[in-house]
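Hi everyone, thanks for coming. Let me put the structure up on the screen, and then we can walk through it together.

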Amino acid sequence: MVGSGHLGTNGIVEPLPEDFDASAVIKEPVPPTVAESENVKRAIVLGKNVHTQCLEVTEPDADDEITGERDAYMASVLSKYKKSLTERTKHHLGYPYNLDFDYGALSQLQHFSINNLGDPFIESNYGVHSRQFEVGVLDWFAQLWEIEKDEYWGYMTNCGTEGNLHGILAGREVLPDGILYASQESHYSVFKAAHIYKMDCTTVKGAVDDLDLVIKTLEDTGFSRDKFYIHCDGALFGLMMPFVKLAPKVSFKKPIGSVSVSGHKFVGCPMRCGVQITTLEHINVLSNNVEYLASRDATIMGSRNGHAPIFLWKAGVGAMLNELSITVVFERPHDEEFVRKWQLACQRNIAHVVVMPNVTKGKLDGFLNELVEERAQCFKDGKFQQYCIASEVGEICCLCPLHKGK
């Protein structure tokens with residue numbers, strides 16, 4: 001859930017008041033927080049400077065066509081790059097991307113510059129588009145989230161962040177004098193939209209908000225339907241929850257304003273993409289006719305990837321019965337090289353593994369064996385101490401010296 005409440009043009013994110021009673025809206029007791037094991041704020045470990053290993057762009061020599069040296073060089077570079085991608089894919093666990101897909105049948109379309117610029121429901125003068133596939137994908141999501149074809153509007157975004165930005169934009173237009181409310185656990189794109197760049201936000205724990213509880217809280221505190229706008233950030237789990245028993249249900253039959261998901265995460269797609277769905281009522285305030293396109297536009301981007309809808313249209317979505325999360329949270333490894341090797345997403349004292357469809361038992365076994373070895377080396381001779389993660393996951397799941405055995 002990206003946020004609920006009033007959304008405003010002033011870009012202000014208002015935290016909950018200090019006297020806010022969490023027990024009034026949270027059914028289960030919250031475990032007591034425990035101070036982190038380190039008093040000093042952890043420095044963010046950044047990746048390597050790519051400028052030190054970038055590939056220089058060179059212009060062809062006059063005799064390149066005769067000698068073929070340039071073609072041979074390009075083939076060598078791409079071969080090494082493919083080998084690197086294959087190796088890195090083997091050790092991918094920390095980010096929610098499904099890497100198990102095969103779209104070989106669509107390679108014949110890579111020769112075309114397919115661009116769905118403008119409104120997906122109205123053709124533009126640019127004829128090399130895939131709107132028929134895009135609208136088919138949108139209709140499928142509209143049915144999934146229970147809104148009629150003649151009541152919704154949507155489009156395929158370039159990523160999940162764009163879906164959040166569009167949802168917040170629509171909410172601002174519906175409630176121009178409102179205030180944006182978002183929890184610290186919200187995706188960082190929410191705070192980018194509000195021009196707050198140093199929020200300590202996270203998506204590491206793979207939490208799923210209780211939409212019904214959010215709506216009930218708003219209604220119980222006196223907000224009528226026309227006084228709030230809820231954007232649901234489905235991201236990864238938005239494509240899982242409809243098929244999971246007892247999971248919170250996202251539906252336009254409830255008083256929500258918009259929903260977005262990422263297409264390249266659970267489904268799997270070689271290019272980044274997403275889906276944004278809202279109501280026609282909400283989108284009308286954003287729509288403008290564009291003579292240059294001979295179409296209407298209410299999207300954020302101008303040009304939009306026309307290949308992505310075809311990939312999602314071909315893939316389909318299979319039903320899976322999982323627990324409410326596929327994100328396993330654990331103590332952050334001390335060895336940053338180990339973190340980079342397995343591409344783990346980390347924050348403070350925790351890291352996580354996202355068990356996507358391409359993650360096999362063999363890959364997990366290999367990871368766990370290496371994790372055990374890494375911990376043994378780090379804890380040898382008291383070089384490092386076990387992190388306390390009680391404040392992140394609760395004391396019962398923390399095995400630091402302070403909480404082990406409690």
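Let's start at Gly127, which sits in the loop between α2 and α3 (131–144); helices here are DSSP runs of H or I with at least four residues, strands are runs of E with at least two, and both are numbered from the N terminus. Gly127 is exposed, with a relative accessible area of 60%. For that word, buried means under 20% relative accessible area, exposed means over 50%, and partly exposed is in between, using a 1.4 Å probe and protein chains only. Asn115 is 12 residues from Gly127 in sequence, and their C-alpha atoms are 8.7 Å apart in space.

A word on what you're looking at: this is a predicted model, where local features need pLDDT of at least 70 and side-chain atom pairs count only at pLDDT 80 or more, while totals for chains, interfaces and linings use all residues. Residues are numbered from 1 along each chain as its sequence is written, and side-chain values use heavy atoms, with hydrogens and water left out.

Now the whole chain. There are 12 helices and nine strands, and 42% of the 406 residues count as buried. Among contacts in the chain with a separation of 6 or more, 75% are between residues 24 or more positions apart, a contact being heavy atoms within 4.5 Å. The accessible surface comes to about 23400 Å², with 55% of that belonging to carbon and sulfur atoms; these areas come from the Shrake-Rupley method with a 1.4 Å probe, and for residues only the protein chains shown count as cover.

Next, please find helix α11, residues 361–379. Which residues of α11 are buried? They are Lys363, Phe367, Leu371, Glu374 and Cys378. Looking down the axis of α11, these buried residues fall within an arc of 70°, so they line one face of the helix; the arc is taken from the directions from the helix axis to the C-beta atoms. As a reminder, an α-helix has 3.6 residues a turn, so residues three or four places apart point the same way. On the other side of α11, Lys361, Asn369, Val372 and Glu373 are exposed. The cover over the buried residues of α11 includes α2, β7 (327–331), α10 and β9 (350–354).

That brings us to the salt bridges, meaning a side-chain nitrogen of Lys or Arg within 4 Å of a carboxyl oxygen of Asp or Glu. How many does the structure hold? Eight. One of them joins Lys341 and Glu370, with the closest N and O atoms 2.9 Å apart. Lys341 lies in α10 and Glu370 in α11, so this pair ties together parts that are 29 residues apart in sequence. Lys341 is partly exposed at 31% relative accessibility, and Glu370 is partly exposed at 26%.

Within helix α10 (residues 336–341), Arg340 and Glu337 are three residues apart, about one turn. They form a salt bridge too, at 3.2 Å between the closest N and O atoms. Another salt bridge pairs Arg332 with Glu336 at 3.5 Å, N to O, and Arg332 is buried, at 8% relative accessible area.
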